[in-house]
Amino acid sequence: MAEQDEWSSNANEALNISFVQAGQTSPVTLSTFHPRFTYPIFGEEECIFGYQGLKINIRFAAHNLLPNVSWVYEKAFKAVNDTKALDIEETLKEWLPEGCFEEYANFKSRIQDDVGAKDWKPPGELINTYTSRGRKFEVWVSDLTDPAVQQLIDRVQILVSLFIEGGTPIPLDDQDWSLARWKVFFVYVV
């Protein structure tokens with residue numbers, strides 16, 4: 001048991017979620033936080049076996065929510081018979097869209113070089129604006145038949161399971177008549 005504890009990481013502490021945007025010379029992190037729950041992904045114990053000093057980073061571009069996943073660790077458990085370190089990519093790939101496991105350097109370049117980021121607008125229709133604490137916000141609405149909305153939802157669905165007790169991702173492969181009944185609201189800081 002002691003050896004298992006030595007090679008187990010608390011998934012809630014190992015996982016960092018960040019929102020980033022282009023900076024003057026490289027992307028800057030706007031916010032970083034830990035999830036509330038990781039049991040839907042890593043099991044009831046919320047532990048990841050097979051690493052020491054494990055840090056998993058899920059970063060989202062602040063404007064279009066493009067995700068990137070990377071991880072580092074100090075040591076990995078050497079497999080003994082059927083006992084081996086958890087395959088992090090294999091575990092996370094069912095929760096995140098394709099392409100999010102690209103090298104972090106490529107992701108940073110994509111964020112920094114995205115000339116459309118500054119003028120990016122959420123999909124749908126602008127329905128309201130308001131100011132709170134000196135910041136201006138816009139509220140946009142669309143339905144799930146819009147491919148741009150589906151792309152945004154697909155990119156951030158993992159957050160549902162990490163922050164809403166019992167929350168599960170929305171199936172985006174339903175028929176259009178079914179998807180049209182769901183309205184999606186986006187609140188963005190201008």
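Numbering starts at 1 along each chain as its sequence is written, and side-chain values use heavy atoms, with hydrogens and water left out. Since this is a prediction, local features need pLDDT of at least 70 and side-chain atom pairs count only at pLDDT 80 or more, while totals for chains, interfaces and linings use all residues.

**View 1. Three strands make an open sheet in the order β9-β10-β11.**
The pairing here is antiparallel. Strands (E, at least two residues) and helices (H or I, at least four) are DSSP runs, numbered from the N terminus, and two strands pair if DSSP finds at least two bridges between them. β9 (125-132) and β11 (183-189) sit at the edges with a single partner strand each, so one side of each has no neighbour in the sheet. On average, neighbouring strands are turned by 20 degrees against each other, direction ignored. As a reminder, strands of a sheet pair through backbone hydrogen bonds, either parallel or antiparallel.

**View 2. Strand β10 meets β11, with helix α6 packed on the sheet.**
β10 (residues 135-143) is joined to β11 by seven bridges, and the two run antiparallel. Look for V141, which stands opposite F185 in β11. Helix α6 (residues 147-156) touches both β10 and β11, where contact means heavy atoms within 4.5 Å. The direction of α6 makes about 70 degrees with that of β11; axes are lines fitted to C-alpha atoms, for helices over the stretch in contact, and angles run from 0 to 180 degrees between N-to-C directions.

**View 3. The largest pocket has a volume of about 870 Å³.**
There are 26 lining residues, and Q21, A62, H63, Y188 and V189 lie nearest the centre. β2 (15-21), β10 and β11 each supply at least two residues of the lining, and β11 gives the most, with five. For the method-minded: on a 1 Å grid over the protein atoms alone, a pocket is an open set of points where a 1.4 Å probe fits, with protein on both sides within 12 Å along at least five of seven lines, and lining residues have an atom within 4 Å of a point. Grid points are joined across faces, edges and corners, and the volume is the space filled by probe spheres set on them.

**View 4. Y51 is tucked away in strand β5 (residues 51-52).**
Y51 counts as buried, at 8% relative accessible area (buried is under 20%, exposed over 50%, partly exposed in between, with a 1.4 Å probe and protein chains only). The Y51 side chain reaches the backbone oxygen of L86 at 2.6 Å. Beyond four places in sequence, the contacts of Y51 include W7, Y73, K75 and I88.

**View 5. R59 and N68 touch each other, and both are buried.**
R59 belongs to strand β6 (residues 55-61) and has a relative accessible area of 13%. N68 lies in β7 (residues 67-72), with a value of 0%. The side chain of R59 makes a polar contact with that of S70 (3.0 Å); the term means a pair of N or O atoms within 3.5 Å, one able to donate a hydrogen and the other to accept it within protein, and residues adjacent in sequence count only if both atoms are side-chain atoms. The N68 side chain reaches the backbone oxygen of E102 at 3.0 Å. Y104 and F107 are among the residues that R59 touches, and they are also among the contacts of N68.
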